[in-house]
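Subject: Structure handover

Hello,

Here is the structure for your files. My notes on strand pairing and aromatic contacts follow below it.

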Amino acid sequence: MCNRKTVMDNIVIIKASPSDFSKYYCDSKYLKAEFEKLVEKKILIPFLALSSNRLIGKVHFVTKLNDLQAADGNQIGYICNLYVKKPYRNNGVGTMLIDAVKDYAKSNGFTKLTLGVEEDNSKNMYLYDKLGFENKIKDLNIDLLFKDANGNDIKVKDYAIYSCDL
């Protein structure tokens, strides 16, 4: 178990460049090129939590989606893919990542953030509620970032979109 003070003292949150994103990428190897395209187009802004230059957490800020209720490219942005490595959980790393996105979004003219969460995940629901994501917008069961090879929606586990004013 990590000591909270030690964890907090050694963490750096960065807005990742495309090369940082490629270096630290840890999602599905099949989607790496698709994610990199979104980063290059500045549709997806990755934030990384590093400790001694080692990735311990990440979150993505998406500026625009086809679903304009989730991210319209002007005032509403979408948070996705929040992940913190197990030894660092419950030490404030996820909060630091979300706060970094909030600061970035606000300084770039966004007034609202949204995120998707599986409502049966009580730990995530608790965190997001604590961080101000209290307004449920809608339920979904499709991936908001990607389509299949034929351009059709990709079905995923049921989740809900919640929002927070900045």
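Strands S6 (residues 135-147) and S7 (residues 153-165) run antiparallel and are joined by seven bridges. Strands count as paired if DSSP finds at least two bridges between them. Helices (H or I, at least four residues) and strands (E, at least two) are DSSP runs, numbered from the N terminus.

This is a predicted model: local features need pLDDT of at least 70, side-chain atom pairs count only at pLDDT 80 or more, and totals for chains, interfaces and linings use all residues. Residues are numbered from 1 along each chain as its sequence is written, and side-chain values use heavy atoms, with hydrogens and water left out.

S6 and S7 make a hairpin, with five residues between them. Gly151 sits in the turn and has a positive phi of about 85°. Lys147 is opposite Asp153 in S7.

Now the aromatics. Rings of Phe, Tyr and Trp (its six-membered ring) pair if their centres lie within 6.5 Å; planes under 30 degrees apart are stacked, over 60 edge-to-face, the rest tilted. That rule gives eight aromatic pairs. Phe21 and Phe35 have ring centres 6.4 Å apart and planes at 55°, so this pair is tilted. Phe21 is in helix H2 (residues 18-24) and Phe35 in helix H3 (residues 32-40), so the pair ties together parts 14 residues apart in sequence. Both Phe21 and Phe35 are buried (under 20% relative accessible area, 1.4 Å probe, protein chains only; exposed is over 50%, partly exposed in between).

Tyr128 and Phe133 pair edge-to-face, at 6.2 Å centre to centre and 70° between the planes. Tyr128 and Phe133 are buried too. One aromatic cluster is formed by Phe21, Tyr25, Phe35 and Phe146.

Best wishes
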